[in-house]
Number of protein chains: 2
Amino acid sequence: MARIVMKFGGTSVGDIDRIRNVARRVKAEVDAGNEVAVVVSAMSGETNRLVGFCDAIAELYDTREYDAVVSTGEQVTVGLLAMALQTLGVDARSWTGWQIPIHTDDAHGKARILSIDTSVVSQRLAQGQVAVVAGFQGLGTDNRITTLGRGGSDTSAVALAAALKADRCDIYTDVDGVYTTDPRIVAKARKLHRITYEEMLEQASLGAKVLQTRSVEMAMKHRVRVQVLSSFKDLPGTLVCDEDEIVEKELVSGIAYSRDEAKVTLMAVADRPGIAARIFGPLAEGNINVDMIVQNISADGQSTDVTFTLPRGDLARALKLLEDHRESINYQKVIADKAVVKVSVIGVGMRSHAGVAQTMFAALSEKGINIQVISTSEIKVSVLIAEEYMELAVRALHTAYGLDAA
Amino acid sequence: MARIVMKFGGTSVGDIDRIRNVARRVKAEVDAGNEVAVVVSAMSGETNRLVGFCDAIAELYDTREYDAVVSTGEQVTVGLLAMALQTLGVDARSWTGWQIPIHTDDAHGKARILSIDTSVVSQRLAQGQVAVVAGFQGLGTDNRITTLGRGGSDTSAVALAAALKADRCDIYTDVDGVYTTDPRIVAKARKLHRITYEEMLEQASLGAKVLQTRSVEMAMKHRVRVQVLSSFKDLPGTLVCDEDEIVEKELVSGIAYSRDEAKVTLMAVADRPGIAARIFGPLAEGNINVDMIVQNISADGQSTDVTFTLPRGDLARALKLLEDHRESINYQKVIADKAVVKVSVIGVGMRSHAGVAQTMFAALSEKGINIQVISTSEIKVSVLIAEEYMELAVRALHTAYGLDAA
């Protein structure tokens with residue numbers, strides 16, 4: 001017997017038939033003798049409908065009221081799923097965030113979970129009752145409903161699994177696991193049986209939408225074993241777990257890409273101490289996250305070119321900030337490029353193996369792809385390339401690291 | 001300065017523009033220096049949508065889960081109305097039933113309010129903050145959400161007004177007050193400035209949809225002055241109040257009618273002691289409310305005819321029950337008639353004036369309308385007549401009692 005937290009997203013509970021399908025999935029785990037808590041999102045489209053109401057009422061709304069409105073989506077789903085389970089003869093009851101309670105801070109709209117009081121729920125689980133828990137929401141210290149921000153239900157599930165000391169947290173979604181890369185781009189992409197927290201975190205940060213970054217961080221911190229699997233197909237998924245649990249480690253476990261990039265080059269910046277602070281200070285104040293940075297060697301010792309990347313959506317604002325600070329930064333001109341993508345190679349095996357980056361550079365060079373910027377971390381190498389080469393680069397790297405399915 | 005509870009139903013908050021309109025109405029009361037609590041229903045259509053989900057999931061659902069689902073409708077409205085008030089510069093916050101809390105019993109789906117803890121809300125009102133309170137819902141002793149049943153928001157408003165010791169409870173609706181009769185039938189119907197609790201209660205019981213019966217009972221019990229007025233037109237409404245507050249008492253204040261009637265006659269029932277118990281026992285056990293009853297004089301001393309009325313929707317079930325108990329009741333045959341209506345004359349003045357019923361009988365007789373059954377109470381006379389005469393009867397009585405507008 002195991003204690004399991006199951007999580008189903010909006011698509012998986014998108015209509016009455018799908019809620020019934022989820023109930024059958026839950027029943028199967030109960031019939032197998034497991035203690036089960038289920039975390040669910042709002043029915044797909046529901047959160048957008050509710051947010052639409054808020055947007056229509058006020059441009060700048062009180063986030064406490066926003067949370068009161070938007071959190072109802074999950075409350076509807078838990079009630080309906082509990083009913084659906086009962087019709088299958090499964091003892092079940094719904095729990096809102098405030099009923100458990102799931103305590104959060106008061107950062108309405110993007111609250112963080114502080115603690116979960118599992119005393120009652122844990123007792124009910126032990127009695128064989130399924131707990132159907134509203135994801136995405138909690139109770140602030142002001143006794144008002146909070147929400148965790150978009151995708152927060154993953155975080156709710158992992159936090160609940162940690163608090164309940166669950167053996168596993170199964171995240172059911174519309175993909176059936178974590179792949180070596182996007183199967184829409186590389187037909188030979190393989191589903192991974194296991195992936196480390198660290199690698200999953202890099203994948204999530206790089207824009208893979210399988211799991212929300214914060215939920216992976218939480219899983220890693222509390223060592224919650226997370227399984228990603230399909231709500232529609234009955235297939236084994238991918239287990240996100242500790243490195244120790246992975247016997248056959250691969251050098252590289254995945255190739256990720258992100259289209260959400262823009263490149264900015266400041267030409268002929270006066271090369272004197274404090275240059276980075278002068279450039280990036282204003283951007284940081286404007287809440288713009290600069291990612292990759294490269295500073296070219298100054299030929300004359302007088303000036304230098306500085307290139308960096310940032311989220312594409314922030315480009316216009318960044319250019320405005322740079323213009324505003326033209327004098328203090330002291331550059332000749334600014335060049336912006338939105339036709340770039342970031343391609344990354346991820347793998348914990350890199351830690352102990354040299355030459356991983358070299359394989360990447362060689363593979364790209366062989367296809368005639370020019371690398372514009374490079375950045376590395378302990379388990380990742382990222383390059384910025386022209387957007388048009390994106391698919392070609394991902395396929396070439398997938399092959400180069402031996403990830404292609406047989 | 002007064003303390004006022006305002007209540008707006010589903011039609012009044014049916015879309016974003018209407019919610020804005022409600023916000024303006026509330027602001028006007030705030031600007032006039034009043035302390036204001038607002039009770040709102042779900043946006044029109046919303047409760048039906050949510051109930052539809054429940055019906056689709058299960059034929060017999062857990063009413064605790066039903067309450068979790070259906071109560072979200074009001075929660076959405078309170079958040080949106082609080083936002084709308086804030087955009088008008090009015091300090092406001094939303095309150096769910098469990099936040100206040102409004103304590104109820106555990107009769108999920110049709111709970112009764114036990115007590116309302118107004119300590120915090122009262123303090124906020126005194127500070128000038130508008131309390132936007134979800135109607136129709138409360139918190140059961142099991143810490144789960146309860147709902148009060150259809151139309152329960154009226155009851156929420158009156159109960160809150162009683163608990164807050166409010167000077168008035170204003171019920172905004174899609175009619176602009178209480179009329180002497182249905183203006184769709186009698187063009188000369190007049191809006192009443194004031195009506196007693198007792199008369200309003202009779203009107204509500206007789207099917208007038210202006211106020212829910214339970215809310216009138218509660219207003220009468222706690223002597224809450226209730227005003228019924230239009231949410232769309234800026235007109236004076238009708239005050240429901242104590243008899244003492246009404247200076248110019250009218251003999252009859254209204255003519256009500258109900259189409260929700262069916263008549264059953266049992267022919268040749270053996271006339272011996274216990275006959276009523278034998279007939280009405282099975283119906284009572286079947287939860288069928290019998291209304292008017294008449295037992296004809298037995299000509300031969302052996303048998304009698306018994307006629308009674310019941311809600312039209314229960315007729316089929318009642319006939320089945322009578323058939324099942326044919327032997328024990330011992331009747332010859334049963335005749336059912338759905339083409340009947342109940343027309344009632346209501347007025348507290350009847351208590352002290354004789355001849356009110358006589359005026360009714362004379363007026364109907366003059367129009368050639370046959371009275372099938374009669375029943376009376378202290379402040380009401382009801383007659384059952386053939387459905388086709390309904391409009392004619394209501395108009396004749398309206399004139400006979402001098403209610404026609406000039």
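**View 1. A:Gln75 counts as buried, because its relative accessibility is 2%.** Buried means under 20% relative accessible area, exposed over 50%, and partly exposed in between (1.4 Å probe, protein chains only). Before you look further, note that this is a predicted model, in which local features need pLDDT of at least 70 and side-chain atom pairs count only at pLDDT 80 or more, while totals for chains, interfaces and linings use all residues. Residues are numbered from 1 along each chain as its sequence is written, chains are lettered from A and ligands numbered from 1 in the order in which they are written, and side-chain values use heavy atoms, with hydrogens and water left out. You will find A:Gln75 in helix α4 (residues 72-87) of chain A. Helices (H or I, at least four residues) and strands (E, at least two) are DSSP runs, numbered from the N terminus. Contact means heavy atoms within 4.5 Å.

**View 2. Here a helix of chain A packs against a helix of chain B.** The pair consists of α2 (residues 46-57) of chain A and α4 (residues 72-87) of chain B. Their axes are 9 Å apart, and the angle between them is about 20°. Axes are lines fitted to C-alpha atoms, for helices over the stretch in contact, and angles run from 0 to 180 degrees between N-to-C directions. The two helices are therefore roughly parallel to each other (under 35 degrees; over 145 is roughly antiparallel, 65 to 115 roughly perpendicular, the rest oblique). On the chain A side, look for A:Leu50, A:Phe53, A:Cys54 and A:Ile57. They meet B:Val76, B:Leu80, B:Met83, B:Ala84 and B:Thr87 on the chain B side.

**View 3. Eight strands of chain A form an open sheet with mixed pairing.** Two strands pair if DSSP finds at least two bridges between them. Which strands are at the edges? They are β3 (92-95) and β10 (194-196) of chain A, each of which pairs on one side only. On average, neighbouring strands of this sheet are turned by 20° against each other, ignoring direction. Helix α7 (residues 197-205) of chain A packs on the sheet, where it touches β10 and β12 (238-241). The direction of α7 makes about 85° with that of β10(A).

**View 4. Strand β9 (residues 168-173) of chain A is largely enclosed by the rest of the structure, because five of its six residues are buried.** One partner of β9(A) is β1 (residues 3-8) of chain A, which runs parallel to it and is joined to it by five bridges. In that pairing, A:Lys7 has A:Ile171 as its bridge partner. β9(A) also pairs in the parallel sense with β11 (residues 226-230) of chain A, again over five bridges. There, A:Cys169 is bridged to A:Val226, and A:Tyr172 to A:Leu229.

**View 5. A:Val175 sits in the loop between β9 and β10 of chain A.** Is this residue buried or partly exposed? A:Val175 counts as partly exposed, because its relative accessibility is 35%. A:Val175 touches A:Val210, A:Leu229 and A:Ser230, not counting residues up to four places away in sequence. A:Gly281 is 106 residues from A:Val175 in sequence and 40 Å from it in space, C-alpha to C-alpha.

**View 6. Helix α13 (residues 390-400) of chain A has several buried residues.** They are A:Met390, A:Ala393, A:Val394, A:Ala396, A:Leu397 and A:His398. Their cover includes the strands β13 (254-258), β18 (340-346) and β20 (380-386) and the helix α12 (356-366) of chain A. Just after α13(A), A:Gly402 takes a positive phi of about 70°.

**View 7. Some backbone angles here deserve a second look.** Most residues other than glycine have a negative phi, and most peptide bonds are trans. A:Phe136 has a positive phi, near 75°, and lies in the loop between β6 (130-134) and β7 (137-139) of chain A. A:Phe136 is buried, since its relative accessible area is 5%. A:Ala268 also has a positive phi, near 50°; its place is in strand β14 (residues 261-270) of chain A. A:Ala268 is partly exposed, with a relative accessible area of 24%. Finally, the peptide bond from A:Ile100 to A:Pro101 is cis, with omega near -15°. A:Pro101 belongs to the loop between β3 and β4 (102-104) of chain A. In chain B, a cis peptide bond joins B:Ile100 and B:Pro101, with omega about -15°.
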